[in-house]
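User: I am new to this structure and would like a friendly tour. Could you show it to me first?

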Amino acid sequence: FQKPIDIVSTPEGALLVLQPGDNSVSMFSAGGGFLDRFRLSGDEGRQPVRMRLDPPDRLFVSFQDGRGFSIYDLKGNLQSRLEKNNGALERIENLQGFCLKDKKIFTGGNGKFLTTDYDGNELASISVSHPSFETIVSMEIDLKGNGFAADFKNNRLFSVNPEFTEVKTFEPPATRGISAVACKGNLLAAADFVSGSVRLFETFL
């Protein structure tokens with residue numbers, strides 16, 4: 001691997017591994033066997049940071065430059081782009097962490113969270129006055145529609161209810177730099193990049 005930074009699974013259980021070191025995605029079977037590898041050839045010179053799959057085969061990728069998303073198929077063909085100057089996404093200065101659910105994009109930055117359709121049209125949003133934040137590096141939605149977000153710079157977690165009417169914050173103990181989140185039942189997994197650990201918390205809703 002060339003510094004793997006993100007991983008997602010397909011409905012069939014295959015794993016996709018994002019590698020910014022060589023701007024590529026590697027595919028593995030559910031049993032761990034190598035299947036394929038493709039370069040993000042439509043984005044040479046950009047460093048990918050997050051990816052999410054819109055089943056069955058549309059891969060949304062965000063980049064370190066925060067300019068928006070590129071959408072690839074699972075053969076590595078660039079299908080389209082959704083730049084942050086399109087619709088409501090322009091309100092997010094550095095667009096990195098995001099997730100997809102029910103054909104909607106959930107993302108955040110600059111003290112706000114928002115959800116849009118795949119054309120960038122705003123569906124809901126909420127601002128956070130305190131504590132504020134700049135860049136959200138990772139986001140996840142649980143089965144009930146609650147959103148969770150990681151603010152790496154301030155080592156802080158946020159949650160947003162499905163109606164986008166309430167935001168809660170949580171400063172996880174014994175962590176120094178939360179870089180990724182994932183949901184499993186009523187548990188929230190948080191990866192700490194600085195200490196090199198993963199911690200599990202009961203969701204703080």
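Here are a few questions and answers about this model.

Analyst: Welcome! This is a predicted model, where local features need pLDDT of at least 70, side-chain atom pairs count only at pLDDT 80 or more, and totals for chains, interfaces and linings use all residues. Residues are numbered from 1 along each chain as its sequence is written, and side-chain values use heavy atoms, leaving out hydrogens and water.

User: Is Asn161 buried or exposed?

Analyst: Asn161 lies in the loop between strand 15 (156-160) and strand 16 (167-170). Its side chain makes a polar contact of 2.8 Å with that of Thr165 (a pair of N or O atoms within 3.5 Å; within protein, one must be able to donate a hydrogen and the other to accept it, and residues adjacent in sequence count only if both atoms are side-chain atoms). Buried means under 20% relative accessible area, exposed over 50%, and partly exposed in between, using a 1.4 Å probe and protein chains only. Because its relative accessibility is 14%, Asn161 is buried.

User: How many disulfides does the structure hold?

Analyst: A disulfide is a pair of cysteine sulfur atoms within 2.5 Å. The cysteine sulfur closest to that of Cys99 is in Cys183, 8.5 Å away, so it is too far for a bond. The number of disulfides is zero.

How values were computed. Helices (H or I, at least four residues) and strands (E, at least two) are DSSP runs, numbered from the N terminus.
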